[in-house]
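Okay, thanks everyone, I'll keep this short.

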Amino acid sequence: MSLLVVCEHDRGALSDASLEALTFGRPLAAAAGLDLAAVVIGEGADAAAAGLGAHGAATVHVASHPILTDFGPEAWGETVAQLVRSTGVTAVLACGTERGNEVVAQGAARLDQPFVANCRSVEPGTDGWTMTRVQWGGSLLEDATLTADVHLVTVAHHAVEAVTADLPAAGTVSTFAPDLDESLARTVVVDRVVLTQGITLSTAPVVVGGGRGVGSAEAFAPLEELAAELGGVVGCSRAVTNNGWRPHSDQVGQTGTRIAPEIYIASGISGAIQHWVGAMAAKNILAINTDAEANMVARAGHAVIGDLHQVVPAITEEVRRRRGS
Amino acid sequence: MLTLGPAEAEEQLRYAASVGAHRLVLVPIAEVDWDPQRTAAALAGAIGDLEAADGPFDLVLFGNESADAGGFQVGVRVAHALGRPIVNGIKGIDVGGDPGAGDVPEGSVAARREIDGGFEVYRVPLPAVLGVKEGINLPRYPTMKGRLASKKVEMALDERTADAGGQGRVRLHRPEEQVSETIILGTGPEAAPAVVDLLEELGVFQ
């Protein structure tokens, strides 16, 4: 009997989110008396599988089928469901990313089992499992119960920090060939368009955020300059996208991107809860605001009280001065 | 426009009518929340009845997740029950045959989903289900004319029963507030050196 961790990878490189799921899964499997298994799907799965023993997986299933080359939610979900039926899996775990929640939901629908998304903690029990899960992006918590033959859950992204296992496990690789109907190719990715090369909002070590206080699309230029000096990117609040100053893809928040930089420089952002839940995984937050009472100032580790239109260029200038450029 | 919820959900449906929905269906529930499996079973049943009367929908759109419960699964379960394809996280749709849809063949949709630094494209044959995300468009505001017209749109009630699923709620609570003493680095542009000291300390500026 095993707990199966569904891993995501990019052409063989495991995602940080998957390492979080494995980190979360190790004590969970131990508490539930289950072996830890993992599954990797798609092009490069072999390479991704090789490192999973170090993360505690006793068994690594490499799912192989012509229509699994690229991501497809139905084909991936069906693969998970078949692994559950055929390899003694009694619990399924993934990280609550877009894909993680989607694939586990697909698996749950196919198995006709419940699925609890975005948990922060999970306690297995013989009479059903209990868990605390996040709602409203993390501003509200729900204590929930899960009664099921197969327990399917996801762990909220950034709820745990990924670490390798104290003791590596065997990581025995086993090929799994699911029986997939060709019709499932209908939801496989057919094309991928890259708009931004290099660092992005979700991976940037520095995010310079702007809110309503920035005032216009043009007034983001100094924020762009500071971000460029620090090797970071610009993010924004919902007020900014609603005003059409920046595209929705720059939005940080519950319905935008969850960021986790080394530092988030939040300028002219009051810190509404929907924004905060997208920013709270930042390791450090510097708030720049004219209002010393703003929520963002109260929640930040550091703050500068002042007008961002003066403060942000002054920081850029100081960075350049110290670099001697 | 179809929703499942308590009587207050009628307000949302009326709002939908004021911005263009022609037909409103409410699956009324007494309790505040139904679990995702129960919700999906009731909605799949309601869609099935609508289709039995008027023929199949080409495209059924769900919100990717509810803003409150955030179960991330009702659309997937309904699509599975209806035997239709679904892709979640969609922020752009081109309907085949529409002007501007390029080479997307009639009888299918091209759906775009954001990924880190770009987007990926799906080509899904109709009939289909899509889970759409906020940011797919900027919703219009209701006009006065729309508001008035919405009052005349018929609201159908579809009472349904469905078995409870395996997820139960015990209680809701607020997360412990992370108490942080905010260190004020200064006031105005004079604070810049202190900010850069901090950036150096954090190793984000060398």
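When I say helix or strand, I mean a DSSP run, at least four residues of H or I for a helix and at least two of E for a strand, numbered from the N terminus. That matters for a spot in chain B: B:P127 sits in the loop between β6 (118-125) and β7 (128-132). And keep in mind that this is a predicted model.

The peptide bond joining B:L126 and B:P127 is cis, with omega at about 0°. As background, most peptide bonds are trans, and most residues other than glycine have a negative phi.

On the phi side, there are two residues in chain A to mention. A:R11 has a positive phi, near 45°, and its place is the loop between β2 (9-10) and β3 (13-14). A:R11 is exposed, at 66% relative accessibility. Then there's A:W136, with phi near 50°, again positive and again not a glycine. You'll find A:W136 in the loop between β8 (129-135) and β9 (140-146) of chain A, and this one is partly exposed, at 33%.

Now the sheet. Which strands make it up, and in what order? It's an open sheet of 6 strands, running β14(A)-β13(A)-β15(A)-β16(A)-β17(A)-β10(B), with parallel pairing. The edges are β14 (233-236) of chain A and β10 (183-187) of chain B; each has a single partner strand, so one side of each has no neighbour in the sheet. From one strand to the next, the twist averages 20°.

Inside the sheet, β13 (residues 206-210) and β15 (residues 263-267) of chain A pair over 5 bridges, in the parallel sense. One of the residues there is A:G210, whose bridge partner in β15(A) is A:S267. Packed on the sheet you've got helix α5 (residues 221-229) of chain A, touching β13, β14 and β15 of that chain, and its direction makes about 170° with that of β13(A). Helix α9 (residues 308-323) of chain A lies across β15, β16 and β17 of chain A, at about 130° to β16(A).

What covers them? After α5(B) comes B:G203, with a positive phi near 80°.

Next, the core. The largest nonpolar core has 60 residues, and A:V92 and A:L152 are the ones touching the most other members. Leaving out residues up to four places away in sequence, A:L152 touches, among others, A:V92, A:V104, A:L111, A:F115 and A:L146.

A:C95 is buried at 2% relative accessible area, and A:C119 is buried at 0%.

That's my tour, so over to you.

Conventions: Residues are numbered from 1 along each chain as its sequence is written. Chains are lettered from A and ligands numbered from 1 in the order in which they are written. This is a predicted model: local features need pLDDT of at least 70, side-chain atom pairs count only at pLDDT 80 or more; totals for chains, interfaces and linings use all residues. Side-chain values use heavy atoms; hydrogens and water are left out. Buried means under 20% relative accessible area, exposed over 50%, partly exposed in between (1.4 Å probe, protein chains only). Two strands pair if DSSP finds at least two bridges between them. Axes are lines fitted to C-alpha atoms, for helices over the stretch in contact, and angles run from 0 to 180 degrees between N-to-C directions. Contact means heavy atoms within 4.5 Å. A nonpolar core is a set of buried Ala, Val, Leu, Ile, Met, Phe, Trp, Tyr and Cys residues joined through side-chain atoms within 4.5 Å.
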